[in-house]
Amino acid sequence: MQATQSLRLRSCELSPGVGIRTGERVDDLRQAFVDNLLCGLGRVPMAATANDIYTALALTARDRVHKQGVRTMETRSEREARVVAYLSAEFLPGPHLANNLLNLGIVEPVRRALSEFGVDLDEVLEQEEEPGLGNGGLGRLASCFLDSLASLEVPAVGYGIRYEFGIFEQAIKNGWQVEITDKWLRFGNPWEIVRPEIYYEVKFGGRTEAGQDEHGRYRVRWFPATEVKGEAYDTPILGYRVGTCNTLRLWKAEAVESFDFAAFNHGDYYRAVADKVESENITKVLYPNDELVQGKTLRLQQQYFFVSCSLQDMIRIHRGQNRPLETFHEKWAVQLNDTHPAIAVAELMHLLVDEYGMDWDTAWNVTSNTFAYTNHTLLPEALEKWPVDLIGQLLPRHLEIIYEINSRFLDEVRTAFPGDTARLGRMSLIDETGERFVRMAHLATVGSHRVNGVARLHSDLLQQTVMRDFTELWPGKFCSITNGVTPRRFMAVGNPPLARLITESIGDRWLFDLYALRRLEPLADDEAFQERWREVKLAAKRHLAAFVKLRTSVDINPESLLDIQVKRIHEYKRQHLNALYVLALYLRLKRNPEAQVPPRTFIFAGKAAPGYFMAKLIIKLITAIADVVNNDPVVHDRLRVVFLPDFSVKSAQRIYAAGDLSEQISVAGKEASGTGNMKFALNGALTIGTLDGANVEIREEVGADNFFLFGLTVEQVWDLKRRGYRPQDVLEKNASLQEILDFIGSGALTGGDSSVFRPLLERLLYDDPFLVLADYEAYAECQEQVSALWRDEQAWTRKAILNVARMGRFSSDRSIREYCEHVWRVQPVKVPSWNAVARARNASEQ
């Protein structure tokens, strides 16, 4: 965007208006935008950069959002509503501007206002930096939930960390992933407001002393070695076409004293700022590499830092309303999003018992009725455990509290299951099978009144495996709430042409009641509607093709079948299973260029954890396949492979809109839910997948005939492993699969170097923990069904329409309603929109 040339405006043409600061008419928006450019940024219009124009528009939208935030606070101050506090180490909100314009209902007025200056709204939206505050599904789910909480007008606040450098930017060099610093704040963040008056001190290290207080009661004092300060940064979260505006409050670490003047005067310039540097490290980077002790320490510091700030903040608000702390749980419903915030259980006990003098039993009643815990994984390595020694060094008082919680809890277990010492060992908060660890999932479960899984299958497996002992002790504590996604972000913002087509056909109720999509079903057989549907999809595919060309220099055919797998790179998600099938098609076409293979483009995207070598090797495999396939003239018009680097919410919106086939192929029993499956299906992609996570429920909703199913079930996976799985047995029966592995091992993908993929091949041949080879034949056969259906344009389109029509269950609005009813026991508080209030006041005055 050549903003400095296209902004046709002279300051002498400006005229002040009435109510323009937050008005929603085109004239008001035009004037407010100019005021923000001139007065907010101090920029001469003709010299305004692209970022200046974006920032001025963001401030224009933010004024209108904050006005509703003020109204929300006023309304809630008059009510006794319970508040949801959503604690998450990750939030992945995506760009804010488009979402807020949609929620305010001013997309088209803003577009017209900007056009008067020769500025294109879509180009302005592209300018926004995306907050890299999450790693993937966990953070994106948290942001979907915040969107739905506000849209359903549920009083809520999200609490997390303001990482200075978020999830890394991913580059591909020589086929390998390279991590680059994500400087998402380099141009500032116009959506956040720093609250320097809201800060809390957080302690680390030191020692404890037991004694008695002035009333003769047992008390423990913590004498910390260091303290840091947590400062609040607030981002408004506006609901869709409602009056409610909630808050995302993120904490930044600061030194209690940022500058040692005495040290500076003595010439020790490093020591003068050492505390500042060390303190601010806590919120520097999302998920520091925790392979080293320093990384583990920093990660635990991050988790404790943000939950301590958050709980101190809630207590401040609670006491500020003149409420006794004994009623804290009646006012606050605190959700632990996975185990990252689980230390909050010990922290709330510390605050209530040590800082506010509450007796243990009362404090435990408050604590255990405050928290609820969402489990997101069955993978043992993802169920956090912290070394006892590390917690003792960093949080000595909290280790004592955890021991006390454990002692009382195990007494309860002994009473319920007398003589069962093995059960005591399995359920203890302390893992003593080797090096001693604190089991954070156990702590979260014991300290919460409700525990939920995130899909029906996941919840069943959670209760049958990881939490079986706890389910037997407290069967009423566990429930299932299937994840969902917000259609506002992933349809209305991410795919406006499809959203317009749906709205023109059935009205706009679906944006706040996704079940209304059912009204599309009668149109699935309408030839004229099918034709419009295909036009919308092809336009989205062309848009993605242009983006792919820009980012990778690879030309793709938008009329080919776009077969897409985008998600975090992990062995259990089985991107390498997909890659094996790509090679099967390639080798088939090399043998017979006339083979009946419809043109297909395979698109992969996703990031591997920096320390996860095998995931990085899978990326290398995909990029190596792409280099060979895309440069082979024999398959040029039939097959293309793309690895799209630096997957993000922003790029995801393009990808979900364009996908024809959604790859959801994790081994059964490993994916908790998945939400990419929902986003693709809502945008008209058909799914190829296993009976894993939310795939099970998606298939039930859209119909078995509209879902490409393959692979072993959970029970079959368990049975195969119980009988003794030998990957070589699979190869002996499948010559095609043997040919593919031999081709990889030959070095044909790596210029003759046969060693590059040897670790991956050995993993598959001698271990194959995620049953890639066991499921390959069924996967390849299912892909042949995909190709056959793709040849029937009308049949494919019909199934795509039915997929969208039947996805109503997978809105995050439905998920939040279930949390409100079954976990949080909270009610919405209706907040009148500011404009509605103004109209009512005007009417009364007249």
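Predicted model: local features only at pLDDT ≥ 70, side-chain atom pairs only at ≥ 80, totals over all residues.

I count a residue as buried when its relative accessible area is under 20%.

**Entry 1, a loop residue.** I looked up Leu 520, which sits in the loop between helix 21 and helix 22. Is Leu 520 buried or exposed? Its relative accessible area is 0%, so Leu 520 is buried. I then listed what Leu 520 touches beyond four places in sequence: Ile 502, Ile 506, Phe 529, Ile 801, Val 804 and Ala 805. I also checked Asn 803, which is 283 residues away from Leu 520 along the chain, and found 9.9 Å between their C-alpha atoms.

I got about 1100 Å³ for the space in the second largest pocket. It is lined by 40 residues, and Arg 111, Asp 122, Ala 492, Val 493 and Pro 496 come closest to the centre. Which helix gives the largest share of the lining? Helix 21 does, with six residues. Sorting the lining by type, I had 21 nonpolar, 13 charged and six polar residues.

Strand 20 runs parallel to strand 21, with four bridges between them, and Glu 663 is opposite Ile 688. From strand 20 the chain passes through helix 26 to strand 21 in a right-handed β-α-β crossover. Strand 22 is also parallel to strand 21, joined by two bridges, and here Gly 689 faces Leu 709. With helix 27, strands 21 and 22 form a right-handed β-α-β unit.

Technical notes:
Residues numbered from 1 in each chain as written. Heavy atoms only, no water. 1 Å grid on protein atoms, 1.4 Å probe; cavity = no way out; pocket = protein on both sides within 12 Å on 5 of 7 lines; lining within 4 Å. Points joined across faces, edges and corners; volume = space filled by probe spheres on them. Nonpolar A, V, L, I, M, F, W, Y, C, P; charged D, E, K, R; others polar. Buried < 20%, exposed > 50% of the residue type's maximum accessible area, 1.4 Å probe, protein only. Contact = heavy atoms within 4.5 Å. Pairing = 2+ DSSP bridges. Right-handed = clockwise from strand over helix to strand, strands pointing away.
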